[in-house]
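Me: I have the sequence and the model open. Walk me through how to read its features, one at a time.

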Amino acid sequence: MLGDLEKVPNGSVVVLHVCSHNPTGVDPSHEQWGEILELVKRKNIIPFFDSAYQGFASGDLEKDAFSVRLFAQNDVPLLCAQSYSKNMGLYGERIGALNVLCDNASLVPAVLSQLNIVIRPNYSNPPRHGAAIASKILTDPVLFDEWKVELKRMSDRIVAMRHGLRKLLEDKGTPGDWSFITNQIGMFTYTGLSATQVDEMTKNYHIYMPGTGRISIAGLTEPRLEQMADAIRSVL
């Protein structure tokens, strides 16, 4: 990753996932984020953070915000697209916000003007319903605390599905090393299945996934884990 970033022109805009990387499920460590930060500063790269899964990596909103806060604390100008579609269960509302951190306050009017130019011909006014729900949760201490508990419960369930699938695959003697399932985090993981094997899963077991073999761990349930493990084992 650092090698690829070294190749981009100075001053480029680079998209970085805040946490729970989609589609790999692999996040940089705190130390690796520090290395990315130094490279970004040296090459004057503008990071555009995609925060679509805050709370899904560790179950903790604060921990999952480490990367973007690290850059902000080091005075790096950045953009951050914050989505509440997944972590508030408002997927149909497509609710979120764009945050822009500028070098200094004098730039704010110019940035806001440019954003308004983009917004006006695209959607003019965003839907209000989802925004009202998100605002209520974020500004009501009782609802906010309830939301954090529910996020932790959801994150724990995803972790449990990872451990359950790995255990069944190993118990059934499925060829390969399946430790990556529990080493990765968040909603998604790559199974390592080929496009041909994915087709077999679809035709023989009615299990659907992209040809890349990526699956949504959040889509698994405990009663379906064995069916998933049997299907994977049969196509290998």
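Me: How many nonpolar, polar and charged residues are in the lining of the second largest pocket?

Reply: Start with the classes. Ala, Val, Leu, Ile, Met, Phe, Trp, Tyr, Cys and Pro count as nonpolar; Asp, Glu, Lys and Arg count as charged; the others, Gly among them, count as polar. Here the lining has 13 nonpolar, 6 polar and 4 charged residues. One caution: this is a predicted model, where local features need pLDDT of at least 70 and side-chain atom pairs count only at pLDDT 80 or more, while totals for chains, interfaces and linings use all residues. Residues are numbered from 1 along each chain as its sequence is written, and side-chain values use heavy atoms, with hydrogens and water left out.

Me: What volume does the second largest pocket have, and which residues are closest to its centre?

Reply: The search runs on a 1 Å grid over the protein atoms alone. A pocket is an open set of points where a 1.4 Å probe fits, with protein on both sides within 12 Å along at least five of seven lines; lining residues have an atom within 4 Å of a point. Grid points are joined across faces, edges and corners, and the volume is the space filled by probe spheres set on them. This pocket has a volume of about 410 Å³. Of its 23 lining residues, Gln54, Leu61, Ala65, Arg69 and Gln82 are the closest to the centre. Two or more residues come from each of H3, helix H4 (66-73), S3, S4 and H7. The largest share, 4 residues, comes from H7.

Me: And the largest pocket: what does its lining contain?

Reply: Its lining divides into 12 nonpolar, 6 polar and 3 charged residues. The space is about 610 Å³. Among the 21 lining residues, Arg94, Gly96, Ala97, Leu98 and Tyr123 are closest to the centre. Strand S3 (78-83), strand S4 (96-101), helix H5 (108-122) and H6 each give two or more residues. H5 gives the most, with 4.

Me: Which residues of H7 are buried?

Reply: Helices (H or I, at least four residues) and strands (E, at least two) are DSSP runs, numbered from the N terminus. Buried means under 20% relative accessible area, exposed over 50%, partly exposed in between (1.4 Å probe, protein chains only). An α-helix has 3.6 residues a turn, so residues three or four places apart point the same way. In H7, the buried residues are Trp147, Leu151, Ser155, Ile158, Met161, Arg162, Gly164, Leu165 and Leu169. Their cover includes helix H6 (128-139), strand S5 (188-190) and helix H10 (225-235).

Me: How many residues does H7 have, and what caps its N-terminal end?

Reply: The expected span of a helix is 1.5 Å times one less than its number of residues. H7 (141-171) has 31 residues and reaches 45 Å from first C-alpha to last, close to the 45 Å expected. Asp140 is the cap: one of its side-chain oxygens lies 2.9 Å from the backbone nitrogen of Val142. Just after H7, Gly173 takes a positive phi of about 70°.

Me: Which residues have a positive phi although they are not glycine?

Reply: Asn44 has a phi of about 55°, and Asp75 has one of about 60°. Asn44 is in the loop between H2 and strand S2 (46-51). Asp75 lies in the loop between H4 and S3. Asn44 counts as exposed because its relative accessibility is 54%. Asp75 is exposed too, with 64%.

Me: Where is the cis peptide bond?

Reply: Read omega. The bond joins Asn22 and Pro23, with omega about 20°. Pro23 sits in the loop between S1 and helix H2 (30-42).

Me: Is Thr189 buried or exposed?

Reply: Thr189, in strand S5, is buried because its relative accessible area is 1%. Contact means heavy atoms within 4.5 Å. Leaving out residues up to four places away in sequence, Thr189 touches residues including Pro23, Arg162 and Ile215. A polar contact is a pair of N or O atoms within 3.5 Å; within protein, one must be able to donate a hydrogen and the other to accept it, and residues adjacent in sequence count only if both atoms are side-chain atoms. The side chains of Thr189 and Gln184 make one of 2.3 Å.
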